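Hi,

Here is the structure I promised to pass on.

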Amino acid sequence: MRLVFAGTPEVAVPALDALLASDRHEVVAVVTRPDAPAGRGRRLVASPVAQRAEEAGIEVLKPVKPRDEDFLARLREIAPDCCPVVAYGALLPKVALDIPARGWVNLHFSLLPAWRGAAPVQHAVLAGDEMTGASTFLIEQGLDSGPVYGVLTEQVRPTDTSGDLLTRLAFAGAGLLAATMDGIEDGTLRPVPQPAEGVSLAPKIEVEDARIDWAAPALRVDRVVRGCAPAPGAWTVLRGERLKVKSVRLVTDRTDLAPGEIAATKNAVFAGTGSHAVELLWVQPQGKKPMAGADWARGVRIAAGERFEA
C-alpha cells in the first residue's frame with residue numbers, strides 16, 4: 001500500500017522506522033505538527049518524526065490544522081491507500097478521514113476500550129494497572145472509539161515510570177502497526193467493534209494533577225511519581241518553593257511521620273504519607289539539576305518536624 005504516516009513525538013519514530021523497513025508498503029509522505037520552539041533559545045525545531053522523515057528523503061507535510069485546504073489538496077494528490085497514525089497530536093476532520101481508501105489506522109497505547117484519550121500510559125500507571133498494551137484501530141469521529149484490528153499486551157512492572165512503559169510499547173507497537181498494515185493489504189484483518197463495557201478515559205495530565213497529596217497512601221504517592229515521569233513531573237512545595245520529586249521508595253516499616261513531615265538522616269530523607277513513609281531518592285529543586293534526596297536535604301537543612309505544604 002501507499003502510506004502517509006502521521007505522527008509527531010519521539011515515541012512515534014519506531015513505528016515510522018518499521019514501516020520504512022517494510023518490503024510490502026511505501027511510505028510516500030509524513031504528516032506532523034508544525035515546528036515548535038524548544039531549548040533555551042526557543043528556536044523553532046522540527047518534530048522527531050519530521051527529522052526522521054527528512055533523513056529518509058520523504059515529503060513532510062506540516063499543516064497548522066489538518067482541515068487546511070492546501071494540506072487536504074496535497075493529500076488528495078498523493079492519494080494514499082492508508083494513513084497509519086501514532087501520537088500525531090491533532091484531531092482529524094471527516095474530510096481528511098475520507099481521503100485514504102482504507103482510512104486512517106491509529107496505534108494507541110492501551111487495551112481499548114480502556115484508557116481512551118491523550119495519556120493512556122500515564123493513567124495505567126496512576127491506576128495501578130498490572131497489565132496494559134497497545135491497540136490498532138480504524139479512526140472514526142469519536143474519541144478512540146473505532147473498531148480494533150489488533151492488540152498486544154505488556155506487563156506494567158512495579159518500578160515502571162510512564163516513560164519506561166511508553167518506550168517498551170512504542171517498539172512493540174511498531175511491529176503491531178506494521179503487521180496491521182500487512183493484514184489490511186492482504187484482506188486477512190477485519191476491524192472488530194469495541195465492547196460497550198470497560199470504557200475508561202485518559203485525559204492529558206496537567207501540572208496541577210502532578211502535585212503530590214501527602215495525605216494519600218504511600219502507594220498512591222509512588223504511582224503519582226512514576227505516572228508523571230518524565231512529564232509533567234510530580235512535585236511538592238517546601239518553604240514556598242516547588243520541588244520536583246523524581247523517584248521514591250516505599251518504606252513500609254516507618255509509620256512515625258505525619259503526612260508531609262520530613263525526616264533526614266545522614267544518608268537518606270523520608271516523607272510521611274497517609275500510610276507509611278516514602279524515601280525521596282531523587283529530587284529536583286526549582287532552577288537546579290536533579291540530585292539525590294539526601295544531598296538535597298543536607299543542603300536545605302531540614303528542621304525537626306518540618307513539612308511539605310499540603
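Below are my notes on salt bridges, one serine and a surface patch.

Some housekeeping: this is a predicted model, so to speak, in which local features need pLDDT of at least 70 and side-chain atom pairs count only at pLDDT 80 or more, while totals for chains, interfaces and linings use all residues. Residues are numbered from 1 along each chain as its sequence is written, and side-chain values use heavy atoms, with hydrogens and water left out.

Salt bridges first. There are 17 of them in the structure, counting a side-chain nitrogen of Lys or Arg within 4 Å of a carboxyl oxygen of Asp or Glu. One of them joins Arg168 to Glu154, at 2.8 Å from N to O. That pair ties together distant parts of the chain, as Arg168 belongs to helix α6 (residues 162–186) and Glu154 to strand β9, 14 residues apart. (Helices are DSSP runs of H or I with at least four residues, strands are runs of E with at least two, and both are numbered from the N terminus.) Both Arg168 and Glu154 are buried, meaning under 20% relative accessible area; exposed is over 50% and partly exposed is in between, with a 1.4 Å probe and protein chains only.

Asp222 and Arg226 make another salt bridge, with their closest N and O atoms 3.0 Å apart. Both sit in helix α7 (residues 218–227), four residues apart, or about one turn of the helix.

For Lys94 and Asp98, the N to O distance in the salt bridge is 2.8 Å. Here Lys94 is partly exposed because its relative accessible area is 47%, and Asp98 is partly exposed at 48%.

Next, Ser110, in the loop between β7 (104–108) and α5 (120–126). Its relative accessibility is 0%, so Ser110 counts as buried. A polar atom of the Ser110 side chain lies 2.5 Å from the backbone oxygen of Ala114. Beyond its neighbours within four places in sequence, Ser110 is in contact (heavy atoms within 4.5 Å) with residues including Trp115, Thr132 and Ser135.

Last, the surface: Leu143, Val199 and Leu201 make a nonpolar patch of about 270 Å². Patch residues have over 30% relative accessible area and no salt bridge; like charges are joined within 9 Å, and nonpolar side chains (Val, Leu, Ile, Met, Phe, Trp, Tyr) within 5 Å. Areas come from the Shrake-Rupley method with a 1.4 Å probe, and for residues only the protein chains shown count as cover. Leu143 is in the loop between β8 (131–138) and β9 (148–155).

Cheers

Methods. Polar contact = N/O pair within 3.5 Å; in protein donor to acceptor, adjacent residues only side chain to side chain.
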